[in-house]
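Open your viewer and get ready to click through a few selections. We will go one stop at a time, with a short note on what to look for at each.

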Amino acid sequence: MAAIEDHRAKPSAKGMQEILQNATFLTGRTLINEGDFEQAIDVFGALLQQTIEAQGGDELSLLTAPIYFQYGNALLYKAEESCELFGDRVQMKEDPSSKGEAVEVGEEEA
């Protein structure tokens, strides 16, 4: 069986550096560092759209990888901040015998 080749052009090191040094990209990173995850999500989403358009609609261009990564970071941090990752609020037991087990709020010990 012949190997399948990806015929998309690989980005140059210069192209990747342009993304990593892009003012919008750096603004998004600053927003993440400051804890403004909602705004960071908006910034990276807009930059992602611009980069995809510049790459001729190629959503899988390697130049989009660092943007997708930071966009995902912002989404994760926002979810962690809300403490409701799976719908129900979770808190840590304070009882030393619990060994740090997480329980749902309102859950009674057996």
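Helices here are DSSP runs of H or I with at least four residues, strands are E runs of at least two, and both are numbered from the N terminus. Buried means under 20% relative accessible area, exposed means over 50%, and partly exposed is in between, using a 1.4 Å probe and protein chains only.

Before moving on, note that this is a predicted model: local features need pLDDT of at least 70, side-chain atom pairs count only at pLDDT 80 or more, and totals for chains, interfaces and linings use all residues. Residues are numbered from 1 along each chain as its sequence is written, and side-chain values use heavy atoms, with hydrogens and water left out.

**Stop 1: the buried face of α4**

Select Pro66, Ile67, Gln70, Asn73 and Ala74, the buried residues of α4. Looking down the axis of α4, you will find them within an arc of 120°, so they line one face of the helix. Next, click on Cys83, which follows α4 and has a positive phi near 60°.

**Stop 2: Thr64**

Now step back to Thr64, in the loop between α3 (37–54) and α4. Is Thr64 buried or exposed? Thr64 is buried, with a relative accessible area of 1%. Leaving out residues up to four places away in sequence, Thr64 touches Leu48, Thr51, Ile52, Asp58 and Glu59; contact means heavy atoms within 4.5 Å.

**Stop 3: α3 and its neighbours**

Select α3 and colour its buried residues, among them Phe37, Phe44, Leu48 and Ile52. The buried residues of α3 pack against α1 (13–20), α2 (23–34) and α4. After α3 comes Gly56, with a positive phi near 70°.

**Stop 4: α2 against α3**

Finally, show α2 and α3 together: they pack at an angle of about 160°, with their axes 8 Å apart. Axes are lines fitted to C-alpha atoms, for helices over the stretch in contact, and angles run from 0 to 180 degrees between N-to-C directions. That makes α2 roughly antiparallel to α3; angles under 35 degrees count as roughly parallel, over 145 as roughly antiparallel, 65 to 115 as roughly perpendicular and the rest as oblique. Residues making the contact include Phe25 and Leu31 of α2, and Ala40 and Val43 of α3.

Terms used: Arc of directions from axis to C-beta.
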